[in-house]
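I opened my notebook to look around this structure, one stop at a time. Here is what I looked up.

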Amino acid sequence: MIGIYGGTFDPVHLGHLRTALEVRQALQLQQLRFIPCATPPHRTPPLANELHRLAMLRSAVTGQRDVIVDTRELDRGGVSYMVDTLLSLRAELPETTLCLIMGMDALRYFDSWHRYLEILSLAHIVVMQRPGNSVEGLRSQPTVYTLIEQHRAMQLQELRRQPAGLIWVQPVTQLAISATAIRGMCARNESIQYLVPDVVRDYIHQHTLYCERGAIAN
Ligand code: ATP
């Protein structure tokens with residue numbers, strides 16, 4: 001069973017890394033793949049270019065066993081639809097159970113994702129609670145809420161019994177860290193220490209990312 005953690009990673013932060021670790025442990029994933037997107041379908045384009053986002057992500061997971069940075073969305077280019085990513089993974093790994101990991105905020109608008117039902121036929125969805133978001137809070141999104149009710153697994157073992165099609169809600173340490181907040185701090189010349197790995201902070205400093213004036217506090 002492998003985990004797929006997609007995102008813009010603009011930049012990668014400890015909210016991504018800690019939750020990924022917790023999901024990996026809880027589900028006993030044999031491998032975790034971070035997949036940075038090229039052009040995200042649902043939001044403004046990332047501020048940092050692909051090479052920077054990729055370099056930060058790679059440096060953040062260096063030395064982590066069984067953690068891979070998978071560049072298929074960057075290699076494919078254009079708008080990154082998760083369904084295409086899962087189709088290509090499924091072609092490579094026909095027998096493997098795939099778990100698409102996402103925060104509750106991302107699940108909220110899942111019914112607007114390109115071919116979203118096909119996504120669920122290709123992978124399980126593992127949803128992590130994120131500060132300010134809960135399953136109950138999704139009642140205002142009837143399509144997504146119904147999908148959760150219909151597909152929700154109540155026991156972890158269920159995920160191993162079928163290769164796709166279930167939704168699992170995984171409690172994780174609530175870390176109110178977001179890339180948006182980090183970019184804002186950089187732009188205001190505030191420190192981002194303890195929000196991102198030191199290597200990522202150093203990289204942002206070195207390349208003066210997210211910072212118009214080119215100087216960032218420690
Ligand atoms: P931005 O603030 O730019 O929207 P982000 O911090 O949400 O960025 P993304 O790269 O867009 O980061 O997110 C990738 C995935 O990581 C999404 O599924 C998102 O829900 C999840 N995620 C990001 N931060 C956290 C966090 N602190 N806790 C749990 N999940 C998170």
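Predicted model: local features only at pLDDT ≥ 70, side-chain atom pairs only at ≥ 80, totals over all residues.

I began with Pro11, which I found in the loop between β1 and α1; helices (H or I, at least four residues) and strands (E, at least two) are DSSP runs, numbered from the N terminus. The peptide bond from Asp10 to Pro11 is cis, with omega near 5°.

Residues are numbered from 1 along each chain as its sequence is written, and side-chain values use heavy atoms, with hydrogens and water left out.

Next I asked which residue forms a salt bridge with Asp10. I found Arg183, with the closest N and O atoms 3.7 Å apart; a salt bridge is a side-chain nitrogen of Lys or Arg within 4 Å of a carboxyl oxygen of Asp or Glu. Asp10 sits in the loop between β1 and α1 and Arg183 in helix α9, so this pair ties together parts 173 residues apart in sequence. Searching the whole structure, I got 10 salt bridges.

Then I turned to the ligand. I listed 22 residues around the ligand, and the closest are His13, Asp105, Leu175, Ala179 and Thr180; a residue is near if one of its heavy atoms lies within 4 Å. By class, this shell has 8 nonpolar, 10 polar and 4 charged residues. Here Ala, Val, Leu, Ile, Met, Phe, Trp, Tyr, Cys and Pro count as nonpolar, Asp, Glu, Lys and Arg as charged, and the others, Gly among them, as polar.

I looked up polar contacts too (pairs of N or O atoms within 3.5 Å). A backbone N or O atom of Leu175 lies 2.8 Å from a ligand nitrogen. A polar side-chain atom of Arg43 is 2.9 Å from a ligand oxygen, and a polar backbone atom of Thr8 is 3.0 Å from a ligand oxygen. How much of the ligand does the protein bury? Taken alone, the ligand exposes 600 Å², and the protein buries 91% of that (Shrake-Rupley method, 1.4 Å probe).

My last stop was Gln28, in the loop between α1 and β2 (31-36). I noted that Gln28 has a positive phi of about 50° although it is not a glycine.

Definitions and conventions. Polar contact = N/O pair within 3.5 Å; in protein donor to acceptor, adjacent residues only side chain to side chain.
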